[in-house]
Amino acid sequence: WNLLLDEDERMVADQAREFLARELPLERLRPKAAPVDAERARREMAELGWLAVGLPEAAGGSGLALSFEVLIQRECGRYLASPSVMASTLAGHVAALAGDAAQAGQFATGEAVAAMAVLGADARSGYALDWTPGQRLLAWNETGMGVYEATAFANAQADESLDDSLTLHVGELSFDKPALWVAAETAPLSQRAEV
């Protein structure tokens, strides 16, 4: 196996790193740092096509290999970008595989945003990372991955987060009522998320 990046992969990773260093510098997280418009940066990421790199062209994506998506997400992790970047990217895959190309296109262009939902131990409670009320949520377990309307997250309340740069909400996620769902047998999206 050749694990070295090819020229195209290096170019994508370098461009992502340069953009994030300029728009979301790590210094923004220090006390008394100048504020940064993270929402504007997320919109620009969508305009650059980051949320649609791995989506099929028919769904508004670039149709590139998983490696390109991973490189972009790696750089987002290095610069502590919102988890909604990864959630929206995965939500686009869910929508495309569920046959809703229009909604996949909305996630690809940044018109729709998904927040990452993490299920609690009892499978009813959950946490939404960097969620704005009204936004969709992305959640998964070993049976599949789904996109949920905001109304599926009941009794949502802001909770204390260890990271001041992100919001944290706790509530009850109606996991059995997704707006879009892709079973694990259809596509291993949870493995894509893990990568």
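## The cavity

On a 1 Å grid over the protein atoms alone, a cavity is a set of points where a 1.4 Å probe fits but cannot get out. Grid points are joined across faces, edges and corners, and the volume is the space filled by probe spheres set on the points. By this rule the structure has one cavity of 30 Å³ or more. The largest cavity has a volume of about 50 Å³.

Which residues line the largest cavity? Its lining (residues with an atom within 4 Å of a point) consists of Asn-141, Glu-142, Gly-144, Met-145, Val-182, Ala-184, Ala-187, Pro-188, Leu-189 and Ser-190. Strand 4 (144-148) and helix 6 (189-194) are the elements that give two or more residues to this lining. By class, six of the lining residues are nonpolar, three polar and one charged. Here Ala, Val, Leu, Ile, Met, Phe, Trp, Tyr, Cys and Pro count as nonpolar, Asp, Glu, Lys and Arg as charged, and the others, Gly among them, as polar.

## About the model

This is a predicted model, in which local features need pLDDT of at least 70 and side-chain atom pairs count only at pLDDT 80 or more, while totals for chains, interfaces and linings use all residues. Residues are numbered from 1 along each chain as its sequence is written, and side-chain values use heavy atoms, with hydrogens and water left out.

## The chain as a whole

Let's step back to the overall fold. The chain has six helices and seven strands, taken as DSSP runs numbered from the N terminus (helices are H or I with at least four residues, strands E with at least two). Along the sequence they follow the pattern α-α-α-α-α-β-β-β-β-β-β-β-α. The radius of gyration, taken over C-alpha atoms, is 16 Å, close to the 16 Å that the globule rule gives for 195 residues, so the chain is as compact as a globular protein of that length. That rule is 2.2 Å times the number of residues to the power 0.38. The C-alpha atoms fill a box of roughly 45 × 45 × 30 Å, taken along the principal axes.

Buried residues make up 45% of the 195 in the chain; buried means under 20% relative accessible area, exposed over 50%, and partly exposed in between (1.4 Å probe, protein chains only). Of the contacts (heavy atoms within 4.5 Å) with a separation of 6 or more, 61% are accounted for by residues 24 or more positions apart. The chain exposes about 10500 Å², and carbon and sulfur atoms supply 53% of it.

## Two buried residues

Trp-50 sits in the loop between helix 2 and helix 3 (66-78). With a relative accessible area of 8%, Trp-50 is buried. Not counting residues up to four places away in sequence, Trp-50 touches Ala-16, Phe-19, Leu-20, Met-45, Ile-72, Cys-76 and Thr-89. Its C-alpha atom is separated by 7.6 Å from that of Glu-69, 19 residues apart along the chain.

Ser-88 belongs to helix 4 (residues 83-97) and is buried, at 1% relative accessible area. Leaving aside neighbours within four places in sequence, Ser-88 is in contact with Leu-51, Phe-107, Ala-112, Val-113 and Ala-114.

## Positive phi in two loops

Most residues other than glycine have a negative phi. Lys-32, with phi near 65°, has a positive value. Lys-32 is placed in the loop between helix 1 (7-23) and helix 2 (38-47), and at 87% relative accessibility it counts as exposed.

Asp-130 also has a positive phi, of about 55°, although it is not a glycine. Asp-130 lies in the loop between strand 2 (125-129) and strand 3 (136-141).

How values were computed. On a 1 Å grid over the protein atoms alone, a cavity is a set of points where a 1.4 Å probe fits but cannot get out, and a pocket is an open set with protein on both sides within 12 Å along at least five of seven lines; lining residues have an atom within 4 Å of a point. Accessible areas come from the Shrake-Rupley method with a 1.4 Å probe; for residues, only the protein chains shown count as cover.
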